[in-house]
Amino acid sequence: MEETKKIIGENLSFLRKNAKITQQEIADMLGYTDKAVSSWEKGNALPDVETLVKLCEIYHVDFNYLLVPLDEHPRVSSLKEERSKLSEVQQALIIGIIIVAIWLIATVVYIYMRVYLPDTSGRWMAFIWSIPISFLITTIVIPIYYRGRHFLIFISSSLLTWTILLSICLQAGVLGYTVWFVMLLGLPIEVVFILWYLFRTGAHPFRNRRDKQKE
């Protein structure tokens with residue numbers, strides 16, 4: 001049993017480093033602490049089978065992979081290369097290109113309205129709406145490209161919420177309505193985001209107890 005723990009631990013450590021993921025990120029994905037992840041990788045403890053299956057899904061290997069001694073594995077290329085994943089710089093560039101495209105479209109809409117609809121008021125709203133749309137893109141893309149980055153998701157979601165509400169208020173103002181009270185909706189939504197973030201990062205009273213049980 002101790003030998004099995006050691007083999008699985010070495011494989012988990014290798015797979016995590018090969019995937020360029022930190023112990024804390026893995027802990028956040030699974031609902032454990034980084035100490036628990038470290039204990040697994042050192043071969044001091046084993047997670048339950050369900051957690052091992054989740055780890056295999058994260059690292060994109062089958063369960064049998066974990067049971068083969070590390071030095072007996074064929075040379076494995078980077079998991080990110082195997083799955084044709086992009087580097088973080090390329091991922092950031094893609095996000096940047098999408099956002100630039102959004103603002104380009106907003107500029108085209110603004111110019112069109114200025115030239116062909118000169119009597120239309122609130123043309124500048126094309127740029128205002130580009131702000132929440134940009135945050136919508138980042139909120140969708142971050143969980144795909146940056147798994148486990150809960151803080152980035154939290155910030156992006158919060159900014160998306162507040163910019164949407166602000167855009168609604170400004171748009172209503174252009175149409176002659178005053179609806180600034182709509183901004184109050186952001187408060188309960190923000191509380192939900194904060195609670196989600198605290199839960200995902202393990203800041204809740206039941207986590208340590210669960211870690212002890214699973215270890």
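Student: In which helix do Tyr112 and Tyr116 both lie?

Tutor: This is a predicted model, in which local features need pLDDT of at least 70, side-chain atom pairs count only at pLDDT 80 or more, and totals for chains, interfaces and linings use all residues. Residues are numbered from 1 along each chain as its sequence is written, and side-chain values use heavy atoms, with hydrogens and water left out. Helices are DSSP runs (H or I, at least four residues), numbered from the N terminus. Tyr112 and Tyr116 are 4 residues apart, about one turn, and both lie in helix H6.

Student: Is Val115 buried or exposed?

Tutor: Val115 is found in helix H6, which spans residues 88-116. Buried means under 20% relative accessible area, exposed over 50%, and partly exposed in between (1.4 Å probe, protein chains only). Because its relative accessibility is 52%, Val115 counts as exposed.

Student: How many aromatic pairs are there?

Tutor: Rings of Phe, Tyr and Trp (its six-membered ring) pair if their centres lie within 6.5 Å; planes under 30 degrees apart count as stacked, over 60 as edge-to-face and the rest as tilted. By this rule, the number of aromatic pairs is 6.

Student: What is the angle between the planes of Tyr110 and Phe127?

Tutor: Among the 6 aromatic pairs, Tyr110 and Phe127 form a tilted one, with 5.3 Å from centre to centre and planes at 50 degrees. This pair links distant parts of the chain, since Tyr110 is in helix H6 and Phe127, 17 residues away, is in helix H7 (residues 125-145). The angle asked for is 50 degrees.

Conventions
Helices (H or I, at least four residues) and strands (E, at least two) are DSSP runs, numbered from the N terminus.
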